[in-house]
Amino acid sequence: MSLGSEIKKARADKHWKQQDLVIETRLSQKYLSAIELDKVDPRFSIVQRIARALEVSIDQLGREEHVHG
């Protein structure tokens, strides 16, 4: 699964709306939405902030780089 879909799944597992994650991470709703839709590739520090807020590991969000080919 993609980074965005993993974030969305982790958020849903906590029964959080996107707005809840916006509040916890202090990211804009527009930016968070773009991340979940895989329209942007966030910096590692942003992924760390999201993982902390969702109480999941970076590995769980599948942060390793995917090889396209």
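Which residue forms a salt bridge with Lys14? In this predicted model, where local features need pLDDT of at least 70, side-chain atom pairs count only at pLDDT 80 or more, and totals for chains, interfaces and linings use all residues, the partner turns out to be Glu55, with the closest N and O atoms 2.9 Å apart. The pair links distant parts of the chain: Lys14 sits in the loop between α1 and α2 (18-25), while Glu55 belongs to the segment after α4 (44-54), 41 residues apart. Residues are numbered from 1 along each chain as its sequence is written, and side-chain values use heavy atoms, with hydrogens and water left out.

A salt bridge here is a side-chain nitrogen of Lys or Arg within 4 Å of a carboxyl oxygen of Asp or Glu. Helices are DSSP runs (H or I, at least four residues), numbered from the N terminus. As for exposure, buried means under 20% relative accessible area, exposed over 50%, and partly exposed in between (1.4 Å probe, protein chains only). On that scale Lys14 is partly exposed, at 26% relative accessible area, whereas Glu55 is exposed, at 65%.

Searching the whole structure turns up 3 salt bridges. Another one of them brings together the side chains of Glu36 and Arg11, at 2.7 Å from N to O. Glu36 lies in helix α3 (residues 29-36) and Arg11 in helix α1, so this pair ties together parts that are 25 residues apart in sequence. Both Glu36 and Arg11 are buried.

Then there is Asp13, which forms a salt bridge with Lys9, the closest N and O atoms being 3.1 Å apart. This pair stays within helix α1 (residues 3-13): Asp13 and Lys9 are 4 residues apart, about one turn of the helix. Asp13 is partly exposed, with a relative accessible area of 48%, and Lys9 is also partly exposed, at 43%. In general, side chains of opposite charge can pair when their charged atoms come close.

A polar atom of the Thr25 side chain lies 2.7 Å from the backbone oxygen of Leu21. Leaving aside residues up to four places away in sequence, Thr25 touches Arg49, Ile50 and Ala53, where contact means heavy atoms within 4.5 Å.

Conventions
Helices (H or I, at least four residues) and strands (E, at least two) are DSSP runs, numbered from the N terminus. A polar contact is a pair of N or O atoms within 3.5 Å; within protein, one must be able to donate a hydrogen and the other to accept it, and residues adjacent in sequence count only if both atoms are side-chain atoms.
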